[in-house]
Amino acid sequence: MKTRNTIALSIPTGVGAQIGGYAGDAGYIAREFSKYFKVIVNPNVVNAGILSAVNDDMYYVEGYAFDEFFNGKINLNPVEKFNKIGVIFDKTIPENILNLHLNTIEAAKIVKGYDIPYYEITKEPVGICLTKDSTGVSTGRVECEKTLFEAAQNIIKKGAEALAVVCFFGDECEDENYNNGTGVDPIGGIEAVISHYLTKEFMLPAAHAPAFSGLDISFDIMNKKVASEFISSTYLPCILDGLSIAPALSKTGEISNKDVKCLIVPNGALGSKAVISALNNGVEVCAVNNKTVLSIDCNKLKENGIITKSNTTEDTVKEFQSYQDCLRYIRDKYE
């Protein structure tokens, strides 16, 4: 059987991407690419609450590790069996909501055979604070990183190979524009902060799912981009799907950034560490017309001397009107 080439598909979290800025609404695109390539995806691309678009032809790589991978600091080692997942719960999650998540874990174990032998409740409240920066990107801070760190240490000592984190968000995260499919995910940014922190500290795959004080099931017809968030009371299943098969992270490993044929990103989101590193390492970047609140496009890169004719990297950035156009191009070139 022909060995598949590897590509990467990134849609940043919390930047209001027209496609992929909501609840797994870019998942079908990732699945289409995965018919022809092995696809490195950040969790935001495939996570959808009780649903997930991830499959065995995707490498589920958290955002910090994604950046460090393209910077040449981390390699990926695909797993041959399910990772042992340790789940960290915020102390402030109410008992009834915690029980719902514990039932979710047991369901994932019995139905899908996932290896989830450990969970840990933080000793202190994690303390989630939500904000937006001047560009409208959602972000935030964790008031007690130490308690997350200690819980992670405890669960890793027991043998966890991947970390699922569930923090408590109360009821103050509703955003009407987001629910209508036009705004920025209000919690996407802080979720990235949490997973970045844990991945950086422990060099393990990590992902976050929020917990709320009430049940989020809706009997109204919701915007299709966010519908998956309103058909279940837990968002844990999708990260268990991803973490169960997430590649191990190491300085040496089977897959390096040199093995990636191209990195696909929204055209306005070309200022990320992954993109700059890809350009510096000769990885082709495919910029797709997918509107975000960001505005770092090819022209901005040229104005700042990142894309220049003199260093011949100008040809390593291609612009496309749609993901379908991009797929046709890379199939012709790399399949």
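Some ground rules. Residues are numbered from 1 along each chain as its sequence is written, and side-chain values use heavy atoms, without hydrogens or water. Because the model is predicted, local features need pLDDT of at least 70 and side-chain atom pairs count only at pLDDT 80 or more, while totals for chains, interfaces and linings use all residues.

Six strands form an open sheet, in the order 5-2-1-14-15-16, with parallel pairing. Strands are DSSP runs of E, at least two residues; helices are runs of H or I, at least four; both are numbered from the N terminus. Two strands pair if DSSP finds at least two bridges between them.

Which strands stand at the edges? Strand 5 (58–60) and strand 16 (317–320). Each has a single partner strand, so one side of each is left without a neighbour in the sheet. On average, neighbouring strands are turned by 25 degrees against each other, direction ignored. Axes here are lines fitted to C-alpha atoms, for helices over the stretch in contact, and angles run from 0 to 180 degrees between N-to-C directions.

Look inside the sheet. Strand 1 (residues 6–9) and strand 2 (residues 38–41) are parallel, over four bridges. Thr-6 stands opposite Lys-38 in strand 2.

Now helix 11, residues 323–334. Helix 11 packs on the sheet, touching strand 1, strand 14 (260–266), strand 15 (284–288) and strand 16. Contact means heavy atoms within 4.5 Å. The direction of helix 11 makes about 155 degrees with that of strand 15.

Which residues of helix 11 are buried? Tyr-323, Cys-326, Leu-327, Ile-330 and Tyr-334. Buried means under 20% relative accessible area, with a 1.4 Å probe and protein chains only. These residues cover an arc of only 100 degrees around the axis, which puts them on the same side of helix 11. The arc is taken from the directions from the helix axis to the C-beta atoms.

On to the cores. A nonpolar core is a set of buried Ala, Val, Leu, Ile, Met, Phe, Trp, Tyr and Cys residues, joined through side-chain atoms within 4.5 Å. The largest has 77 residues; Phe-33, Ile-264 and Ile-330 have the most contacts inside it. Strand 11 (residues 162–168) gives the most to this core, seven residues. A second, separate core has 26 residues, including Leu-270 and Cys-298.

Last, Phe-33. Leaving aside neighbours within four places in sequence, its contacts include Ile-7, Val-39, Ile-264 and Ile-330.

Notes. Buried < 20%, exposed > 50% of the residue type's maximum accessible area, 1.4 Å probe, protein only.
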